[in-house]
Amino acid sequence: MTSVSPSTVDERTLPSLQNAAVMALPFIGAVSSPRLVLQTILTDPRIPEDFRLATLSLPDIVVIGLLVVTLARLISDVPYRAHLGTTVRQIFSQGIGIALLLLAGWMLVGVLWAQHPVLAGAGAIHYAAALGLMVIVADRLRESPNAVLTGALLGLLAGAMVHAGVALLQVIKQNPLGLEWLGEVRRFLYETTTFYRAPGLSMHPNYLGGYLLLALWGCVLWASQRLQLSPEKGLRTLVLPLIIGIGCAVGLLSTASRGAMLAAAISAIPLVRMLLISLKGRMRTLLIISVGAAGVIALIVLFVVVLRGDVITRLFTAREFFFEDSWAVIQSSPRNLLIGVGENNLMAAVAAMRLGEMVNLLPVHIVYVYQWATLGLPGMILFGFALVGMLRGLRQPNQRLLFVWTCAIVGIAVASFVDNYYWAIPPHRDLLLWAFGLWWGLRLSPISAA
C-alpha cells in the first residue's frame, strides 16, 4: 500500500482550496443575505441593517476560509512563503498598493474618534480581510495564471447566470419568485407597480446591476483569454462567452439599474475605441454595425420587456442620491470635514441630527462622498488615488487581458459616482477587492501579454 506524505497532501490540497475560494467568492458575491449577526450596535429602526449591525455574509465566510487556508499553507510550504512575499512586495511597493494599505491603517485609526468604535472596528477589520483577499487572488494568478483566471471567471459567470436567470423570471412574473430561503427579497413597497425591477438573489436591483456589470467584463476577459490561448480556432472560441454575455446583459437590463447600465456603456468606450483603431475595412464596419445593433436590441428589451412601456417613470425621473443628510454631517464640524465620523458611523451621525423624525434614513449614494463622510478627506483621497492609478492599464493595449479588466475598473469607478454598494455594503466590498486582486494578478503575471 502506497502512503502519501503530509507534505504532498499540503502541496496539492491547500492550493486547490485557495483556488476553490477564489472561484466561490464571485459565485456568491451578490448574495447579501442570509447573514450571521455578530452584534447589534444600533437599534434605531430608521437605519438600514447594513449600517447598524456587525454581520458576516456568505462572501465574508469565504474570505475567512481563504485566509485560514493561506495561513496553513504559509506554515507548511516554505517556497510558498517566498512566493507570497514577492507578491506582497510587488503590490505594496507601488503607489496604488501603498494607498490601499494606508487606507486600512487610516480606517483602524478612525476607531479612536468614532462614536461607535465597534462599528468602525468591524469595518476596518472587514476591509483588512478583503485586502488580504486581493493579495491572495493576485498571488494565485502569478503562481498559476491561466488555470486560476479561468476558474475565477467561471465562478463569476456561473453565479451571474444563476442571478440573471432568476432576474429574468422575476421580470416575467413581475414579482419575486418566493425564493426567500435563497436570499430573495420581497417587493419594495416604494417601487412602482407598472413594472418590476429584478433584484435576483441580491438585496436590491442596483446591487445586482453592479454585479452583472462585472460579469459582463468577465465574459469579455474570458473571451480574450480563450482567443489568446487558441488563436488557431479563431472566432469559434468566442461563441460560449458571447452566449453567456447575452445572458448577463439580459440580467442587467432586468435590474433597470441606470447606474450600472451607464457604467457598462462608458466602460466599453476604451475597448470599442481600441478595436476601431486596430481593425480595418470590413471588420471595422462589422464592429460598428454590431455595436449599433446590440444597442438597439438592448433598448427594445429595456423599454418593452422590462419597463413595460413606462419609460418616463424609470429613466427620466430624478435620481435620488440622499445627499443632503450626509453632506450635513460632513459640514457639521471642521473635524468631520477633515477626518470624518469613522467607518460605518455615518448613519449614527445622521440619526442624531434627525432625532425624533419618523423617516427612513439612508446614506449618500455616491461612494466618494460616503468615504468623505466616514473616512474624511484622507480616506477618500487614498481610495481615489488607487482607483485612478489602476486606470493606467488603459495605456497598455498590448497587455490585452489587463486592458480588458481595466475597463471593468472603469465601470466600477463610474458606478461609484451614482451608488455606494461597491464600498458601503460589505459583501460587495469583498467583490470589489476580488476584482482589484484580479487586476493586480493580470498586471504582475505575463498572461496579459498579447
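Which residues does Ile366 touch, not counting residues up to four places away in sequence? The legends below start there.

**View 1. Ile366 and its neighbours.** Ile366 touches Phe321, Ser416, Phe417, Asp419 and Asn420, leaving aside residues up to four places away in sequence; a contact here means heavy atoms within 4.5 Å. This is a predicted model, where local features need pLDDT of at least 70, side-chain atom pairs count only at pLDDT 80 or more, and totals for chains, interfaces and linings use all residues. Residues are numbered from 1 along each chain as its sequence is written, and side-chain values use heavy atoms, with hydrogens and water left out. Ile366 sits in the loop between α14 (346-353) and α15 (367-390); helices (H or I, at least four residues) and strands (E, at least two) are DSSP runs, numbered from the N terminus. With a relative accessible area of 15%, Ile366 is buried (buried is under 20% relative accessible area, exposed over 50%, partly exposed in between, using a 1.4 Å probe and protein chains only). From the C-alpha atom of Ile366 to that of Leu391, 25 residues along the chain, the separation is 19 Å.

View 2. pLDDT is the predictor's confidence in each residue, from 0 to 100. The chain averages 91, and 97% of the residues score at least 70. Residues 1-6 are another story: pLDDT stays under 50 there, and the model gives them 1 contact beyond four places in sequence.

**View 3. Asp139 inside a helix.** Look for Asp139 in helix α5 (residues 117-143). Asp139 counts as buried because its relative accessible area is 0%. Its side chain makes a polar contact of 2.5 Å with the side chain of Thr87; that term means a pair of N or O atoms within 3.5 Å, where within protein one must be able to donate a hydrogen and the other to accept it, and residues adjacent in sequence count only if both atoms are side-chain atoms. Beyond four places in sequence, Asp139 touches Tyr80, His83, Leu84 and Thr87.

**View 4. Two loop residues with positive phi.** Most residues other than glycine have a negative phi. Ala256, in the loop between α8 (239-255) and α9 (258-278), has a positive phi near 50 degrees, and at 0% relative accessibility Ala256 is buried. Phe322 also has a positive phi, about 50 degrees, and lies in the loop between α11 (311-315) and α12 (323-331). Phe322 is partly exposed, at 29%.

**View 5. The largest pocket.** On a 1 Å grid over the protein atoms alone, a pocket is an open set of points with protein on both sides within 12 Å along at least five of seven lines, a cavity is a set where a 1.4 Å probe fits but cannot get out, and lining residues have an atom within 4 Å of a point. Points are joined across faces, edges and corners, and a volume is the space filled by probe spheres set on them. The largest pocket holds about 2,300 Å³. Of its 47 lining residues, Val220, Leu242, Leu271, Leu287 and Val291 lie nearest its centre. Helix α10 gives the largest share of the lining, 12 residues.

**View 6. The largest cavity.** There is 1 cavity of 30 Å³ or more, with about 40 Å³ of space in the largest cavity. Its lining includes Val185, Phe188, Glu191 and Tyr196.
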